[in-house]
Amino acid sequence: VIGQRHLIHSNILQEDRTYQIYLPESYNWASDRTYPVLYVLDGESNFLHSMGSVSFLSSKGEIPELIVVAITSTVRIRDFTQTDWPSMWIGGGGAQNFRRFLSEELIPTVEKYLRTNRYRILSGHSASGQVALYCLTSQPSLFNAYFAISSSLDWDNNLPQRSLEESFIKTDSLTSFLYVARSDDSGQPLADYLKLVETLELKSPKGFRWVSRAFPDETHGSIPLLAQIDALRQLYNGYR
């Protein structure tokens with residue numbers, strides 16, 4: 001058995017949501033130990049590699065042991081976008097409700113039944129990377145660290161980047177960590193990513209730690225594996 005599947009009914013989203021949990025090997029015998037939690041979006045495609053990477057890296061002393069909670073997606077465009085963008089996509093704009101689902105329903109459930117130390121990491125790729133950036137800009141204290149891998153930055157005329165810049169202007173200090181990464185982007189997607197990095201370079205508040213990485217040999221679909229491994233290592237830089 002490599003994970004446990006759970007079901008939670010969300011009153012906010014008005015649907016049942018599935019999530020999978022991986023517990024570290026020491027969880028059952030270290031009865032008083034608490035653990036950070038890695039929340040992984042698009043769990044249907046990202047749970048297995050996330051669990052494997054966390055297990056391997058922690059066993060080699062690269063990172064601490066983590067609990068992994070992977071949330072299965074239902075309607076991605078609805079949940080992962082801040083606004084509706086009818087000229088390009090229909091049905092967006094539910095990111096606020098999805099963030100409330102995380103903060104008011106899923107996270108309290110996880111922290112009620114599992115031994116966590118309240119240190120939370122959110123990892124998203126593509127559209128779910130976009131909602132990771134949204135959570136950072138709208139409720140930065142919800143997670144301690146954010147991984148936004150090959151995010152959909154073009155949404156609604158670069159809204160993710162514009163929102164990040166606006167939130168930074170209003171923030172004097174921020175203790176969060178952000179990891180952003182791109183794949184073999186070119187043209188406008190590359191320009192959008194470089195604009196995001198420019199915002200991080202010029203506008204980041206005091207105390208904010210961030211890392212940008214390029215994976216030019218990876219595609220948009222293949223990047224989550226290597227980038228998330230690197231993100232975990234960068235977050236826990238010095239842990240070894």
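The crossing of helices H1 and H7 is right-handed in this predicted model. H1 spans residues 43–59, and H7 spans residues 223–235. Their axes lie 10 Å apart, at an angle of about 40 degrees. That angle makes H1 oblique to H7. On the H1 side, the contact is made by Asn46, His49, Ser50, Ser53, Val54 and Leu57. H7 contributes Pro224, Leu225, Gln228, Ile229, Leu232 and Arg233. By class, six of the contact residues are nonpolar, five are polar and one is charged.

H4 passes H5 in a left-handed crossing. Gln130, Leu133, Leu136 and Thr137 form the H4 side of the contact. The H5 side consists of Trp155, Pro160, Ser163, Leu164 and Ser167. The contact of H4 with H5 contains five nonpolar and four polar residues, with no charged residues.

Threonine 137 was examined individually within this contact. Not counting residues up to four places away in sequence, threonine 137 touches Ser163, Leu164 and Ser167.

Attention then turned to a loop position. Histidine 220 is found in the loop between strand S8 (209–214) and H7. At 35% relative accessibility, histidine 220 counts as partly exposed. Its side chain makes a polar contact with the side chain of serine 150, at 2.6 Å. Histidine 220 touches His125, Ser126, Ser150, Ser183 and Asp184, with residues up to four places away in sequence not counted. Histidine 220 and aspartate 184 are 36 residues apart in sequence. In space, their C-alpha atoms are 7.2 Å apart.

Notes. Residues numbered from 1 in each chain as written. Predicted model: local features only at pLDDT ≥ 70, side-chain atom pairs only at ≥ 80, totals over all residues. Heavy atoms only, no water. Axes fitted to C-alpha atoms, helices over the stretch in contact; angles between N-to-C directions. Helix = DSSP H or I, 4+ residues; strand = E, 2+ residues; numbered from the N terminus. Parallel < 35°, antiparallel > 145°, perpendicular 65-115°, else oblique. Left-handed = near helix turned anticlockwise from the far one by under 90°. Contact = heavy atoms within 4.5 Å. Nonpolar A, V, L, I, M, F, W, Y, C, P; charged D, E, K, R; others polar. Buried < 20%, exposed > 50% of the residue type's maximum accessible area, 1.4 Å probe, protein only. Polar contact = N/O pair within 3.5 Å; in protein donor to acceptor, adjacent residues only side chain to side chain.
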